[in-house]
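Biologist: I am new to this kind of model and would like to learn how its features are read, one at a time. Could we go through a few of them together?

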Amino acid sequence: MSLAGSPYVQQQPNVVSKLPEVSPLRNSIPLQYLAPKPDGLSTGCVRQPDTECVASVSSPGTALSQVKTKRKPFKDDRIRKETSLTRQLNACLRCRMQRNRCKLDLTNPKGPCISCQGIMTRITRLPCLRYKITDSVLFRTGLDYMPFYKRHPMIGPTYGDFHIAKDWVGAKTRFLDVTQDRSSIVLRLEVREFHPPYEKNSLDLKGRSMYCIPWAIADPDVAVETINAYIDQSVGSYLDAMLDDTDSLVWDVFHVAFRLSVFPMPNKLLRNVLRLWVVCRFIESRWRCCGDDTLNAESLKNPFYDWISPPPYIDYQLASVIIQRILGPLRHDTLHGLQGLVLSNKPSNWYPIFLTSFILLHNYELQVLFQRQFASRRQAQPFHPDFDWAIPQIRKMAQLDSEQIMFMEKIKERVNQNGTLAEALGLAPCSPCRSSLSNISEQVQYWPSVLTGDLTWDASSFHTHVDYTHELTAQHKFEIRTALAYFKSLGRDGNEVNRHNFPLPTLGKMLLHYAEDLHHGKGFVNIRGLDPNHYSSEDNILLFLGISSYIGEKRAKQDDDGSMLMHISDAKNSRESQQNRPTRFSTRASTFHTDAFCDILALQTRNCAAKGGNHIIAASWTIYNKIAATRPDLLEVLARPNWPFDSRGRLFDCNTRPLLFYHGGRIILNFAREPLIGLNNVKRTEGFPVLSGEQREALDLIESLARESQLILDIQPGDLTFINNHALLHSREAFEDDPRATRYLVRMWLKNEELAWKLPYQLQMGNQRIYESNELEEKWNVVALPKLRFKLSERLCS
């Protein structure tokens with residue numbers, strides 16, 4: 001269902017009370033029900049604090065009476081001066097809400113007022129703020145920094161370029177149809193030809209002459225009416241098209257706000273804030289000609305996009321109408337309505353205040369994202385390689401001193417090394433709304449075409465296992481035995497093992513070096529030399545914990561039971577078929593994948609299979625380079641936030657996110673096939689999407705390229721293997737056990753908080769959930785227990 005899909009219902013106004021319950025933003029609401037009632041907000045009229053009359057309502061059936069009051073001037077000169085100063089600084093928010101006189105502290109006029117100083121301090125105390133909600137700026141206000149826009153303002157109904165008489169060419173008008181492809185409705189503008197002034201140097205943002213096609217909007221007042229009608233008909237379509245319905249928080253808030261804007265009584269404030277959110281998308285999104293009559297605009301080359309943009313002057317007029325004549329009044333009405341609810345200080349107003357504030361903050365977030373992408377598309381001139389910060393004109397423009405110029409030059413160098421300003425500052429190219437789908441291709445354009453460094457290896461990069469396997473010396477083994485004995489003498493629980501109570505004087509330094517190599521080098525290491533048969537099950541775990549604490553001190557929960565240790569072997573006691581078991585409890589081979597959201601995958605090999613079962617790894621950066629060289633179109637597919645990860649457990653939720661990220665100057669590939677594709681005998685979560693053809697093609701390509709560059713690790717009993725889960729993909733061979741050789745591993749998920757990669761927000765949430773405290777209690781299952789049955793959540797993960 002969609003807000004935009006249904007035809008309008010022509011019924012009498014009282015049909016509002018008979019409307020069925022509105023389902024989430026996917027249902028159509030007739031436009032006439034979006035109109036506010038004349039008496040304002042559904043929460044009731046709000047008395048402004050500066051009103052000059054007091055309205056009182058008598059009992060039913062009596063008339064409304066008003067008693068006018070007139071304020072007399074203060075006789076005390078000191079109070080008059082205090083009042084004047086208060087007006088300059090604004091009364092604080094608490095005093096306005098409580099209708100108190102805001103008495104300034106004359107010893108510190110800009111500090112807390114006397115009234116607020118008398119309030120007992122509480123954690124939830126409202127600070128003494130003198131800001132007015134109505135002072136907020138909710139959208140970008142235009143391009144008045146450009147010479148043309150300064151000379152030709154389009155500010156209001158009484159002056160500005162619209163109301164300067166034009167030298168029209170006859171009285172004939174034509175119609176220009178434009179769209180943003182967010183709605184099936186077309187915006188039709190009535191335009192008229194005119195003789196342009198002689199301003200040959202006036203250019204638009206795309207470098208085109210403003211008057212190359214001398215047509216203009218014929219009547220601004222008619223245009224305002226037309227655009228407002230277009231807004232009313234398109235609110236539902238824009239919300240459908242641009243909100244991320246996989247983000248349940250955002251989706252639910254907008255759904256509730258939309259429903260309350262319509263019934264049980266139309267809420268003017270919520271209607272205005274939703275319209276404002278939609279119109280702000282107008283000035284961030286493309287307008288393109290979509291009708292038969294384009295005024296010959298196709299003759300103009302668009303340097304940024306492959307479509308027919310409106311003629312430069314009409315494009316400028318359209319933006320100005322939207323900013324000055326549409327958004328301006330919407331901002332005024334929204335902020336004054338919000339301020340009225342806040343100052344009324346009524347508990348019943350909390351809910352619409354929350355919804356309105358949430359939508360305004362979400363709007364601000366999208367605008368920041370847009371500005372960043374806007375600068376990236378145009379290769380922000382201040383950070384262009386040829387930009388000279390030291391020339392007098394620039395120094396004067398920004399009023400920079402020598403030290404500041406040197407700093408900006410360094411920023412410019414970092415930008416050009418990293419590709420974009422966002423990457424130079426360590427910001428992720430994230431996207432909180434579905435409109436990001438149309439921006440993914442623009443983001444991917446700024447990703448590196450070729451990655452270089454230690455993470456671009458393949459099998460040919462290593463001559464023997466010595467290149468990645470560290471053999472423990474006799475001294476190292478002695479240190480390990482000594483550290484084990486020392487920790488056991490402390491009488492502490494095994495999960496308390498760390499590098500301080502498991503001292504390894506020489507080996508410890510090498511392990512810290514390997515941790516560095518895991519994060520900034522080739523991304524994996526194998527440590528060999530311990531014989532697990534020389535230690536008990538408990539001591540093997542203590543050795544694993546103690547040594548790995550130098551690699552990553554933080555450990556994660558791995559399943560719904562809170563297991564900190566995962567015992568991996570063929571579940572021979574289970575009656576479930578091999579295909580119905582989780583891969584880690586079967587003998588079958590696995591496909592290439594990563595382990596959920598962990599940073600470091602740590603594996604202790606207790607025993608090897610009679611045949612097969614080796615670890616296989618592949619570098620994500622090498623795979624990325626091959627995709628970028630042969631199938632760059634699939635990079636966009638992998639980067640889209642529409643990959644559906646199914647889950648049926650408590651530790652991980654169903655989610656939709658990208659597989660491929662470029663964040664902090666690094667490529668990250670994170671996925672597993674089971675939660676994406678599912679199992680043959682397991683239905684997907686109801687309503688959860690399945691992969692498209694191109695998504696399956698992308699997965700198959702990753703598998704194929706990983707096989708081409710894979711490195712098979714020849715593992716031996718006692719090996720400790722550490723893998724950077726964000727940098728490498730891993731899989732394993734199928735295997736066969738016999739009575740003397742049964743494959744058995746213990747797995748941990750580790751994190752080195754000092755060296756850990758910065759993650760995009762889509763991975764941060766899962767990463768924090770497994771490493772930080774959650775509702776699951778830690779379970780230290782030192783000994784493997786027989787697995788007879790398997791939870792669905794286990795089967796849908798690797």
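Biologist: Which residues make the nonpolar surface patch of about 340 Å²?

Modeller: Bear in mind that this is a predicted model. The patch is made by Trp350, Tyr351 and Phe354, and Trp350 is found in helix 9, which covers residues 350–377.

Biologist: Is Trp350 buried or exposed?

Modeller: Exposed means over 50% relative accessible area, so Trp350, at 55% relative accessibility, counts as exposed.

Biologist: How does one read the span of a helix, and what does helix 5 span between its end C-alpha atoms?

Modeller: One compares the span with that of a straight helix, which for 23 residues would be 33 Å at 1.5 Å a residue, whereas helix 5 (residues 220–242) spans only 28 Å. Helix 5 also bends by about 55° at Ser234, and its N-terminal end is capped by Asp219, a side-chain oxygen of which lies 2.9 Å from the backbone nitrogen of Asp221.

Biologist: What should I look for in the phi angles?

Modeller: Most residues other than glycine have a negative phi. Asp181, although not a glycine, has a positive phi of about 60°, and its place is in the loop between strand 3 (168–179) and strand 4 (187–194). Leu295 likewise has a positive phi, near 60°, and lies in the loop between strand 6 (288–289) and helix 8 (312–344).

Biologist: How is each of Asp181 and Leu295 classed by accessibility?

Modeller: Asp181 is partly exposed, with a relative accessible area of 36%, while Leu295, at 5% relative accessibility, counts as buried.

How values were computed:
Residues are numbered from 1 along each chain as its sequence is written. This is a predicted model: local features need pLDDT of at least 70, side-chain atom pairs count only at pLDDT 80 or more; totals for chains, interfaces and linings use all residues. Side-chain values use heavy atoms; hydrogens and water are left out. Patches are made of residues with over 30% relative accessible area and no salt bridge: like charges are joined within 9 Å, nonpolar side chains (Val, Leu, Ile, Met, Phe, Trp, Tyr) within 5 Å. Accessible areas come from the Shrake-Rupley method with a 1.4 Å probe; for residues, only the protein chains shown count as cover. A salt bridge is a side-chain nitrogen of Lys or Arg within 4 Å of a carboxyl oxygen of Asp or Glu. Helices (H or I, at least four residues) and strands (E, at least two) are DSSP runs, numbered from the N terminus. Buried means under 20% relative accessible area, exposed over 50%, partly exposed in between (1.4 Å probe, protein chains only). The expected span of a helix is 1.5 Å times one less than its number of residues. The bend at a residue is the angle between axes fitted to the seven residues ending there and the seven starting there. A polar contact is a pair of N or O atoms within 3.5 Å; within protein, one must be able to donate a hydrogen and the other to accept it, and residues adjacent in sequence count only if both atoms are side-chain atoms.
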